[in-house]
Amino acid sequence: MPEQDDDEREFDIKWADNAELKEPSARARMLAARWKENPPEPQPFRADPGPRVPRRSSWVSTVIVFGCVAGLIALIGYVNYRSSY
């Protein structure tokens, strides 16, 4: 099959974009069918966000990271100590 050059491909895209009737996407058709039977509830334009979960403080995260690193160092040291016998 011969390859289309850029001019022909551009013409095809312009021709498709200028079509008078455009078929909706599969998702648009699916939502239209679903909403015909069960329409969605109206939502405010800027809905209030849900309750906010407080973030963990940075020092707690730092302690957790350093604790994991210290535990890993101790584990590696213990393994090396046991293998020397």
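The count of salt bridges here comes to one, where a salt bridge is a side-chain nitrogen of Lys or Arg within 4 Å of a carboxyl oxygen of Asp or Glu. The partners are Arg29 and Glu23, with their closest N and O atoms 3.0 Å apart. Arg29 is partly exposed at a relative accessible area of 41%, while Glu23 is exposed at 66%. For those words, buried is under 20% relative accessible area, exposed is over 50%, and partly exposed is in between, with a 1.4 Å probe and protein chains only.

A note on the source: this is a predicted model, in which local features need pLDDT of at least 70, side-chain atom pairs count only at pLDDT 80 or more, and totals for chains, interfaces and linings use all residues. Residues are numbered from 1 along each chain as its sequence is written, and side-chain values use heavy atoms, with hydrogens and water left out.

On confidence, pLDDT is the predictor's own score for each residue, from 0 to 100. Its mean over the chain is 81, and 82% of the residues reach 70 or more.

Now burial. Of the 85 residues, 1% are buried. The chain exposes about 9000 Å², 60% of it from carbon and sulfur atoms; areas are Shrake-Rupley with a 1.4 Å probe, and for residues only the protein chains shown count as cover.

Last, Ile76 in helix 3, residues 58-83, is partly exposed at 45% relative accessibility.

Key: Helices (H or I, at least four residues) and strands (E, at least two) are DSSP runs, numbered from the N terminus.
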